[in-house]
Amino acid sequence: MTTTLINTAAHSAGYTDKLLLPHWAEIVKITPEAEGVTTFQLKFTDPEIQNRYRFEPGQFNMLYVPGYGEAAISMSSDLETANGLLVHTIRHVGNVTRATSRLKIGDAVGIRGPFGTSWPLEAIKGMDVVIACGGIGLPPLRGAIYRIIRDREKYGKITLLYGARTPKDLMYPTEYETWQKADINMQVTVDRGDENWTGRVGVVPMWFYHFRVDPHRTAVLTCGPEIMMRFVIYEALARRIPSEHIYISLERNMKCGQGACGHCQQGPYFICKDGPVFPFSALENIFNVEEY
Ligand SMILES: Cc1cc2nc3c(=O)[nH]c(=O)nc-3n(C[C@H](O)[C@H](O)[C@H](O)COP(=O)(O)OP(=O)(O)OC[C@H]3O[C@@H](n4cnc5c(N)ncnc54)[C@H](O)[C@@H]3O)c2cc1C
């Protein structure tokens with residue numbers, strides 16, 4: 001399997017000349033997902049853009065709220081599952097994302113993208129896959145989950161480890177049954193249960209103690225808080241899964257989305273352009289460097 005960074009990026013969408021110009025998209029559906037988290041379904045107002053817009057799971061858009069600015073937001077579905085609509089799940093944490101919490105159906109936002117690298121879904125065909133994610137780290141993997149389900153027979157065992165702070169913070173709970181029926185071994189854990197919670201309490205990386213992996217045929221895809229990813233990587237490496245089979249999605253403060261402004265530079269990489277999805281083998285020397 002190659003460790004080359006995969007960037008299918010906006011160039012595949014056929015409008016490289018307009019990467020700094022947002023295209024307007026109208027909100028067609030809003031779903032409250034969890035406390036402080038909302039899913040938006042969007043349709044480009046220009047039918048030509050709507051028809052040609054394509055992306056790969058793991059990529060992101062720069063989403064622009066007029067009067068507030070832009071934030072990097074991952075695609076949280078694939079187009080097939082979402083009937084051609086663009087889906088973004090957003091946690092309302094700061095200036096732009098809090099502004100999205102006040103948006104209504106029919107409002108327009110600007111979209112630039114798609115940007116960045118994607119999950120290596122072709123390269124890992126034939127392998128067992130461990131998907132390990134926490135909190136808002138599930139949305140960037142959800143499109144990959146649906147893509148894997150669609151091609152289910154082309155993958156080995158799929159294990160999905162997902163953790164949230166509390167049961168109320170779990171995202172897309174109504175979809176878990178579908179994922180399990182598609183022969184995904186789904187393990188959910190929370191940091192703190194409530195009076196109705198009968199599932200596991202604990203952190204995502206501890207799940208590696210509950211099942212065996214064949215290190216030579218296992219790929220790991222991980223996204224979530226950096227501390228969680230650090231321990232997922234640690235557990236995966238401890239089981240001798242090669243670092244080039246461990247893929248992580250990095251989050252850094254970014255502005256242009258195309259490697260021009262330098263905001264998201266880490267070591268030799270621009271996270272927006274060379275990432276956000278990296279094989280850990282490419283990051284071994286720089287993963288512990290803090291963002292300034
Ligand atoms: C590739 C990529 C994909 C992302 N996908 C999603 C997604 O699908 N859904 C989602 O809700 N969020 C996602 N994010 C995170 C989102 O872009 C940030 O939370 C963004 O800065 C929010 O903008 P804001 O103006 O609301 O917050 P700001 O006002 O800019 O900042 C809020 C706080 O978060 C800090 N911060 C800002 N950006 C980052 C960052 N990237 N990493 C760490 N800390 C940061 C700031 O220092 C500040 O403390 C993604 C980020 C990246 C880089």
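**Notebook: charged pairs, cores and rings**

I began with Arg 112 and Glu 70, whose side chains meet in a salt bridge at 2.7 Å, N to O, a salt bridge being a side-chain nitrogen of Lys or Arg within 4 Å of a carboxyl oxygen of Asp or Glu. Because Arg 112 lies in strand β6 (residues 108–115) and Glu 70 in strand β4 (residues 69–74), the pair ties together parts that are 42 residues apart in sequence. Helices (H or I, at least four residues) and strands (E, at least two) are taken as DSSP runs, numbered from the N terminus.

I noted for the whole entry that this is a predicted model, in which local features need pLDDT of at least 70 and side-chain atom pairs count only at pLDDT 80 or more, while totals for chains, interfaces and linings use all residues. Residues are numbered from 1 along each chain as its sequence is written, and side-chain values use heavy atoms, with hydrogens and water left out.

Next I looked up accessibility, where buried means under 20% relative accessible area, exposed over 50%, and partly exposed in between (1.4 Å probe, protein chains only). Arg 112 counts as buried at 3%, whereas Glu 70 is partly exposed at 29%.

I then searched the whole structure and found 16 salt bridges. One of them joins Arg 217 to Asp 128, with the closest N and O atoms 2.9 Å apart. This pair links distant parts of the chain, since Arg 217 is in the loop between β10 (200–201) and β11 (218–223) and Asp 128 is in strand β7 (residues 128–134), 89 residues apart. Arg 217 is partly exposed at 33%, and Asp 128 is buried at 9%.

I also looked at Asp 183 and Arg 152, whose side chains meet in a salt bridge at 3.5 Å, N to O. Here Asp 183 is exposed at 54%, while Arg 152 is buried at 14%. I found a network of salt bridges as well, linking Glu 56, Asp 78, Arg 147 and Arg 150.

Turning to the interior, I looked for nonpolar cores, each a set of buried Ala, Val, Leu, Ile, Met, Phe, Trp, Tyr and Cys residues joined through side-chain atoms within 4.5 Å. The largest has 34 residues, of which Trp 119, Ile 131, Tyr 162, Trp 179 and Leu 221 touch the most other members. The elements that give two or more residues to this core are β7, α3, β8, α4, β9 and β11, and the largest share, five residues, comes from α3.

For Leu 221 I listed contacts (heavy atoms within 4.5 Å); leaving aside neighbours within four places in sequence, they include Trp 119, Ile 131, Leu 141 and Tyr 247.

Last, I checked the rings of Phe, Tyr and Trp (its six-membered ring), which pair if their centres lie within 6.5 Å, with planes under 30 degrees apart counted as stacked, over 60 as edge-to-face and the rest as tilted. By this rule I counted eight aromatic pairs. Tyr 53 and Phe 55 form a tilted pair, 5.9 Å centre to centre with 55° between the planes; Tyr 53 is buried at 2%, as is Phe 55 at 8%. Another tilted pair is Tyr 269 with Phe 278, at 5.2 Å and 50°, and both of these residues are buried. Ring pairs also link Phe 44, Tyr 53 and Phe 55 into a cluster.
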